[in-house]
Amino acid sequence: GEIDFLLTDVVMPEMDGVRLADLFREKRPNSNVVYMSGYPFMDGLRHADFDDNADFIAKPLQEEKIRQILARALARWPDAAAAS
């Protein structure tokens, strides 16, 4: 089935969210990615290779901010799917 977007934490055990997004994009190249993290100023995040279309949600999570970012990711999704 279709997947509108991937929401992933950047810092996770075993595999970070950037690597997960890379693997996801291999199977779903036109899907959007939304990253989240409680460590937005870590050295590793400053140099992470985030996709140009990716959005980022900083923790602690704020309901209105999440709604805005997820709505933006969903709004972009049909355009990306049509391009494939």
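**Fold and packing**

Analyst: The protein contains three helices and three strands. Keep in mind that this is a predicted model.

User: In what pattern do they follow along the sequence?
Analyst: The pattern is β-α-β-α-β-α.

User: How much of the protein is buried?
Analyst: Of the 84 residues, 27% are buried. The accessible surface is about 5,700 Å², and carbon and sulfur atoms account for 53% of that.

User: And the contacts, what share join residues at least 24 apart?
Analyst: That share is 50%, counted among contacts between residues at least 6 apart in sequence.

User: OK, the sheet. What is the strand order?
Analyst: The order is β1-β2-β3, in an open sheet with parallel pairing. On average, neighbouring strands are turned by 20 degrees against each other, direction ignored.

User: How many bridges are there between β1 and β2?
Analyst: Five, in the parallel sense.

User: How many residues of β2 are buried?
Analyst: Six of the six, so β2 is largely enclosed by the rest of the structure.

User: Which ones point which way?
Analyst: N32, V34 and M36 point one way from β2, while V33, Y35 and S37 point the other way. Both sets are buried.

User: Switching to α1. Which of its residues are buried?
Analyst: In α1 (residues 17-27), the buried ones are G17, V18, A21, F24 and R25. Those residues are on the same side of α1, because they cover an arc of only 120 degrees around the axis.

User: What about the other side?
Analyst: E26 and K27 are exposed there.

User: What do the buried residues of α1 pack against?
Analyst: They pack against β1 and β2 (32-37). The helix α1 lies across those two strands and runs at about 170 degrees to β2.

User: Which residue caps the N-terminal end of α1?
Analyst: D16 does, with a side-chain oxygen 3.0 Å from the backbone nitrogen of V18.

User: Is D9 buried or exposed?
Analyst: D9 is buried, because its relative accessible area of 15% falls under the 20% cut-off.

User: What does the side chain of D9 reach?
Analyst: The backbone nitrogen of V11, at 3.3 Å.

User: And which residues is it in contact with, leaving aside neighbours within four places in sequence?
Analyst: D9 is in contact with G17, M36, S37 and K59. Of these, G17 is one of the buried residues of α1, and M36 and S37 are buried residues of β2.

User: Last one, S31. Where does it lie?
Analyst: S31 is in the loop between α1 and β2. Its relative accessible area is 5%, and it is buried.

User: What does its side chain reach?
Analyst: The side chain of S31 reaches the backbone oxygen of I3, at 3.2 Å.

Key: Residues numbered from 1 in each chain as written. Predicted model: local features only at pLDDT ≥ 70, side-chain atom pairs only at ≥ 80, totals over all residues. Heavy atoms only, no water. Helix = DSSP H or I, 4+ residues; strand = E, 2+ residues; numbered from the N terminus. Buried < 20%, exposed > 50% of the residue type's maximum accessible area, 1.4 Å probe, protein only. Contact = heavy atoms within 4.5 Å. Areas by Shrake-Rupley, 256 points an atom, 1.4 Å probe, with all protein chains shown as cover. Polar contact = N/O pair within 3.5 Å; in protein donor to acceptor, adjacent residues only side chain to side chain. Arc of directions from axis to C-beta. Pairing = 2+ DSSP bridges. Axes fitted to C-alpha atoms, helices over the stretch in contact; angles between N-to-C directions.
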